[in-house]
Amino acid sequence: MRAMTPADTLLTVAPTGAESTREAVPTLPTTLAEIVETAVRCEAAGAGMVHVHIRDDEHRPTLDLGRLTDTVAALREATTLVVQLSTGGSVHDPLGDRLRVLDAGPDSCSLTLGTVNFGDDVFMNPWPFVCELYQRTQAAGVVPEFELFDLGHVAALHRLLDRFGLPFGGRVHCDLVMGVPGGMPGTAAALVAAVQALPAAITSWSATGIGRTALPVALAALSYGGHLRVGMEDTVTLARGVPVEHNVQLVERAAALAALAQRPTMSTGSARALLGL
Ligand code: KMH
Ligand code: ZN
């Protein structure tokens, strides 16, 4: 029933990420002004939530608390988007810095359920860290988005909810991040397997396909009742050899797919209700 229920689509934009360099991707928004400009345009194109990674003055990933706090304030000033800060950061960020992200006061934060090979790197999420971060979200009144890179992360989500109960706000939202080299593949079959294994407490799920899996994952998610995340964090081409010039292109494309599927993008107010904010 959960998988088949049609509904309007929560569209999340992840405009920056921590992996692409500004040198390799000159159109990547990395400054505060660029991230805010991107968020404004993406909201107008149908986005309901923004998943935020920030950069320093040299365009390198940072979890600087002052910058994070300023970013949350600037996004709230310029948009009505749900502001979600990444607690994943980059593969090089210390766990303590990642816990402190909550001190910037976002509406939501990402929370990955386990360690995963990440290309040639390792994205570290030891179980005690997952538990600590989750309990901090509950205490701070921040709504987590559970990031699931692999089927084992789905099992870990069962374990987490069984042990610590529901998130702040009482809703349970997760995002399947598919196609990372080291995680589950970005295929319809993997998506169905993961969704069928989700805990009964899940109230909404979205999916993200990395790189060339972006479109197959989006189409599978729409047809299976899920929501969408798109953005230059996950893919920097529109098609082979066609670079993304601006995140709004990915948002517009996803919004068009959602409309075609008779599941148009939802307002930011509906996004807040969906997530328990
Ligand atoms: N940058 C990746 C290592 C998250 O935002 O929570 C982790 C990531 C997930 O992007
Ligand atoms: Zn991220």
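Predicted model: local features only at pLDDT ≥ 70, side-chain atom pairs only at ≥ 80, totals over all residues.
Glutamate 233 is buried, with a relative accessible area of 18%. Buried here means under 20% relative accessible area, worked out with a 1.4 Å probe on protein chains only. Histidine 51 also counts as buried, at 2% relative accessibility.

Residues are numbered from 1 along each chain, chains are lettered from A and ligands numbered from 1 in the order in which they are written, and side-chain values use heavy atoms, leaving out hydrogens and water.

So what holds the zinc ion (ligand 2)? Its protein donors (N, O and S atoms within 2.8 Å of the metal, or 3.2 Å for Na, K and Ca) are His51 (NE2), His53 (NE2) and Glu233 (OE), lying 2.1 Å from it. Histidine 51 sits in strand 2 and glutamate 233 in the loop between strand 12 and strand 13, 182 residues apart. Strands are DSSP runs (E) of at least two residues.

Now the pockets. A pocket is an open set of points on a 1 Å grid where a 1.4 Å probe fits, with protein on both sides within 12 Å along at least five of seven lines; lining residues have an atom within 4 Å of a point.

| Pocket | Volume |
|---|---|
| Largest pocket | about 450 Å³ |
| Second largest pocket | about 200 Å³ |

Glu233 turns up again here, as one of the residues nearest the centre of the largest pocket, which has 28 lining residues. In the second largest pocket, strand 13 gives the largest share of the lining, three residues.

Key: Helix = DSSP H or I, 4+ residues; strand = E, 2+ residues; numbered from the N terminus. Buried < 20%, exposed > 50% of the residue type's maximum accessible area, 1.4 Å probe, protein only. Points joined across faces, edges and corners; volume = space filled by probe spheres on them.
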